[in-house]
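The structure is shown first.

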Number of protein chains: 2
Amino acid sequence: MKTKLQTLIELELPIIQSPMAGVQGSELAIAVSGAGGLGSLPCAILTADNIYKELKSIESHTNKPYNVNFFCHKPPAINEAREMKWREALEPYYKEFGIITDDISPSASRSPFNHELADLLEGFNPAVVSFHFGLPEKALVDRVKASGAKVLSSATTVKEALWLEAHGADIIVAQGVEAGGHRGIFLSEDSESTNERAPKYGMAMQIGTFALLPQVVNAVSVPVVAAGGIADTDGIAAAMRLGASGAQLGTSYLLCDESKTSMVHREALKSNQTAETALTNLFSGRPARSMVNRFIRELGPMSDLVPDFPMASTATAPLRTKAEAMGSGDFSQLWCGQNASGCKEIGAAELTQRLAAAFQQSN
Amino acid sequence: MKTKLQTLIELELPIIQSPMAGVQGSELAIAVSGAGGLGSLPCAILTADNIYKELKSIESHTNKPYNVNFFCHKPPAINEAREMKWREALEPYYKEFGIITDDISPSASRSPFNHELADLLEGFNPAVVSFHFGLPEKALVDRVKASGAKVLSSATTVKEALWLEAHGADIIVAQGVEAGGHRGIFLSEDSESTNERAPKYGMAMQIGTFALLPQVVNAVSVPVVAAGGIADTDGIAAAMRLGASGAQLGTSYLLCDESKTSMVHREALKSNQTAETALTNLFSGRPARSMVNRFIRELGPMSDLVPDFPMASTATAPLRTKAEAMGSGDFSQLWCGQNASGCKEIGAAELTQRLAAAFQQSN
C-alpha cells in the first residue's frame, strides 16, 4: 500500500502547481499554497539572490507547504563549431530583424542545483524540493532529505521512475507526453543510435499519461503524481482512477492573475494556437512542449543544429526580444501542454479551489 | 446530451476490440461480439473473396453486433525514384540475408474501400462499418449509412474529429498517441513545411489520450470512444470519467487464443520489449506504433526514404520473412500500444468479460 501524498507532506489538496521557469515567481506559489494546493517556485533561471528573495517572500506570506524546484542537468562545455552552425541556421532571421550577431556570446542561462544553493535552502523550510532532469548527486539529495524536505522528481518512462525511487525520490511525477514545457527525460535513448543513418528517435517514443501513469504506479512504491493533459476536475478524478496520488497542473495556471506569462504568450493561450503544440529542442537544446509558431514551423521542432541544453537560448534570445517588441510570438517559447482548456483568467487560489472539487468527490 | 454508444448500436458492453489487420480474423471478432463487446474484422489486407468468407463465418457464429473495418487511403502512384532510394537503404540488409532484390516488384498490399466492397457488404449485416485514415467519398459513406450500419472513424486531433462529424461519422474514436498500430491521421501537417530546412514535425505533435479525449468529447455531439493506453478496468473507468462513451482496446487482445499474432510478435509482447515502442513509417509508409526492434533502431523510426503508404512494405517483406524464419522479429512490424500490461493468454470472451467490470461499476 502506497503512502498517501497528503500524509507525506500534510497537503490539504492533492494538487501541485507545476514549477514553470520564466512565467511565474513566488506570487503564484503563494496563491496556490494558500488555497491548500502545493505552490511551486521554479529556480532554474534565477540568481541565488533572487531565489533568496522569492523564498523570503513565500515564507512571509504563508506557512503552508510549498515546493522549490531546480534543474539538475550537467552543464555542457561550449562547443564552438556547433554554436557556429546554429548561428548560420539563424542567420536569415538575424538579417530579417537587423541583429548584429557579434554581440552574442554563448552562455548558460540556467544553473543546476549545487552546494551553494543547498546552503541557501537551509535558511528556509520547503515541504518539497523538486528536480527536473533526474536528481543531483547523492550528497546533495542527502542534504535535502536531511533538512526534512521531501524529494520529488519527474519520470517519462517506467525505467526513469525506478531509477528515481532507487536514488531517493520520495514522490514521483509521471510526466506524460501531453505536458507543457521541458520533458523531464534523463535516461534518454536519443544518444544511442547504432547507425549513422539513424536520426534521433526519442520523440517518437514519448509516452502518454494514460499509458505511463498506471505503469509507473504499478512499478514503484512511493506516491505517484500525474502530469500531462490534466485540465479540470474530471481530469484529476480520471488520474486518480488510474492510481495517481495527486495531479500536477501547469498550463491551466498560465493565465492566472499571479502568473508572469508574457503578453504574446497570453494571447497565444487564448487563441486556437493551443491546438498545435510540439516537442521542440529549438528554444533550450532539450525537448519541451511549445505551441507551434513560425520558428518551429520553419526549422522543424527537433533540430540537430541546436547546441546542448541550455546553450541554445543565447542565440535565439535577441530574435525573441525583437519579435516580442513588435507584438509577435514567432520566436518565443510558448510553453503549453496539449490540453489548454483549463486556462482561466482568474486568481490562482480560486482556480485551485475549483479543481479541488474532484478530490473532495472521490474521497 | 450525447446519444449513448449502446443506444446507437445495441451493444451490451461499451468495449470495442480494435480491428488489427494481419494479426486477427473472424475468430477474434466472433469471441468478442459473443461476449457482448464489439468484435471487429479488419479487411485492409484481405481479398474480396476472403472478406466474404470471414463475414459468412461471423454471421454463422453470432447474431450480435460486429464491426467491419476498411482503410480509405488514396492509393499512390508508384514512384520509381523513391522505390530505388528505399532499396538502396535496405541493400546492406538484403546482402546480410542473401536476398536477390530483382525478385521484388512494388505493389500495394492494402486496398481502400470501394464500390465493389460496398456491393459485397450488402449481403451482410454489420452493426458498424469503420474506416481508418478518414472516410471514403460521400457516395460510399451514403451507401453504408443506407444499409443501416453506423459509420465509425478515428480522429487524432480535434480538427479531424470535427471533419469526421461533418462528413457523416456516427461514432468517433479519439485515438491517443499511446495506441498501437497505424495512427488514423488524415489531416496531416506533415506535408505543410514552409521551408526546405524543416523536417516533418508530425510525430512531435501527436496528442495523448488524456488531452485528446476530453477535447474531442467537448467538440462533437456524436459518441466518442477512447483508444490508446487503455489496458484494464481502471483504464476504461478513467476514460469514461473523461467523457468517453466506450473504450477501444487492441494490444490487450494480441495474446488471446483467437488472435493470429505471429510467434515472434507474441514473444516480444511477453518480453520487456513492450517498454519501448515508437511511431514508425518504416513498415508501411505511414506512422504506426511498433515495439522498437533492430530495423527501427538502425534506420530511425521516421524515414524520408520510405515510399508512400502502403508501398513501403513490399521491399521489407522478404527481410521480415527471412528474419522470422530464423526466429527473429528484427524486421517485423511488432504493433503494440504504450500499455501492454493488459495482454493475457486467455480467450477473448473471458478477457472482454473481465474488462466489462468497469462499466458495470460505473453505471
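In this predicted model, local features need pLDDT of at least 70 and side-chain atom pairs count only at pLDDT 80 or more, while totals for chains, interfaces and linings use all residues. Residues are numbered from 1 along each chain as its sequence is written, chains are lettered from A in the order in which they are written, and side-chain values use heavy atoms, with hydrogens and water left out.

**Helix packing in chain B**

Helix α7 (residues 158–166) of chain B and α8(B) have axes that come within 9 Å and cross at roughly 35°. The crossing of α7(B) and α8(B) is right-handed, a term for the near helix being turned clockwise from the far one by less than a right angle. Axes are lines fitted to C-alpha atoms over the stretch in contact, with angles running from 0 to 180 degrees between N-to-C directions. Helices (H or I, at least four residues) and strands (E, at least two) are DSSP runs, numbered from the N terminus.

In contact (heavy atoms within 4.5 Å) are Val158(B), Ala161(B), Leu162(B) and Glu165(B) of α7(B) with Leu212(B), Gln215(B), Val216(B) and Ala219(B) of α8(B). By class, these comprise six nonpolar, one polar and one charged residues. Ala, Val, Leu, Ile, Met, Phe, Trp, Tyr, Cys and Pro count as nonpolar, Asp, Glu, Lys and Arg as charged, and the others, Gly among them, as polar.

**Interface of chains A and B**

Chain A and chain B each give 48 residues to their contact. About 3900 Å² is buried between them, 57% of it on carbon and sulfur atoms; buried area is the accessible area (1.4 Å probe) that two parts lose on being put together, summed over both.

The interface holds two salt bridges, each a side-chain nitrogen of Lys or Arg within 4 Å of a carboxyl oxygen of Asp or Glu. One of the two pairs Arg241(A) with Asp234(B), the closest N and O atoms being 2.4 Å apart. On the side of chain B that touches chain A, the elements giving two or more residues include α4 (80–97), α8 (209–219) and α9 (233–241) of chain B. The most come from α9(B), with six residues. This side divides into 25 nonpolar, 14 polar and nine charged residues.

**Backbone features**

| Cis peptide bond | Omega |
|---|---|
| Phe309(A) and Pro310(A) | about 0° |
| Phe309(B) and Pro310(B) | about -5° |

Pro310(A) is in the loop between α11 (294–299) and α12 (312–325) of chain A. Glu10(A), although not a glycine, has a positive phi of about 50°.
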